[in-house]
Amino acid sequence: MKALLEEEARALLNTCGIGRLGCVDNGEPYVVPINYVFEDESIYSHSLPGQKIEALRANPRACLQADKIENDFSWRSVIAFGDFEEIRVPTDRRAILSKLLARFPLLTPVESVMARDAAAPDSVVFRIRIDRITGVAEG
């Protein structure tokens, strides 16, 4: 096993698109899969309100783990650490949702509508502002 260079870890984070968001919910670890876009030192995503958003609002420190696995002996993994921030400006929300839709064209119809008008009140658009990235590889 070897550590990835920071540039390698960033490249992996940029290419994966689906990762596991880790946060703390009532003192317990909570991890959920999300789709995302990595840009400008931030991970951007969206969600409907629920346990993950409530946990992130209460404790904004979070991480995202993503990986590329070829087999049991050949894989790369990255973890990015940072702070949760909601995106509330409508033009910024629209831009982020459009990027997510461009990268993930098979979003559900509700998500597609949100991406067009960015006005759906239940949609939470957010970023994790990254301050540290680490990665490892095997094989």
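E41 lies in the loop that links β4 (37-39) to β5. In this predicted model, the phi angle of E41 is near 65°, a positive value for a residue other than glycine. E41 is partly exposed, its relative accessible area being 38%. S42 belongs to strand β5, which covers residues 42-47. S42 is buried, with a relative accessible area of 1%. Leaving aside residues up to four places away in sequence, S42 touches V37, R127, I128, R129 and I130. Of these contacts, I128 is also one of the residues that touch the most other members of the largest nonpolar core.

The protein contains four helices and eight strands. Read from the N terminus, the order of the elements is β-α-β-β-β-β-α-β-β-α-α-β. Of the 139 residues, 42% are buried. When contacts between residues at least 6 apart in sequence are considered, 69% join residues at least 24 apart. The accessible surface amounts to about 7800 Å², and carbon and sulfur atoms account for 55% of that area.

Strands β2 (residues 18-25) and β3 (residues 28-35) run antiparallel and are joined by eight bridges. Within this pair, D25 of β2 stands opposite E28 in β3. The two strands form a hairpin with two residues between them. N26 is found in the loop between β2 and β3. The phi angle of N26 is near 50°, which is again positive in a residue other than glycine. N26 is exposed, with a relative accessible area of 74%.

The largest contribution is that of β8, which gives six residues. Another core lies apart from this one and consists of eight residues, including Y44, L97, F104 and V125.

Helix α2 was examined next. The buried residues of α2 are K52, I53, A55 and L56. These four cover an arc of only 160° around the axis, and therefore lie on the same side of α2. An α-helix has 3.6 residues a turn, so residues three or four places apart point the same way. On the other side of α2, E54 and A58 are exposed. The cover over the buried residues of α2 includes strands β2, β3, β5, β6, β7 and β8.

Notes. Residues numbered from 1 in each chain as written. Predicted model: local features only at pLDDT ≥ 70, side-chain atom pairs only at ≥ 80, totals over all residues. Heavy atoms only, no water. Buried < 20%, exposed > 50% of the residue type's maximum accessible area, 1.4 Å probe, protein only. Contact = heavy atoms within 4.5 Å. Areas by Shrake-Rupley, 256 points an atom, 1.4 Å probe, with all protein chains shown as cover. Pairing = 2+ DSSP bridges. Core = buried A, V, L, I, M, F, W, Y, C linked by side-chain atoms within 4.5 Å. Arc of directions from axis to C-beta.
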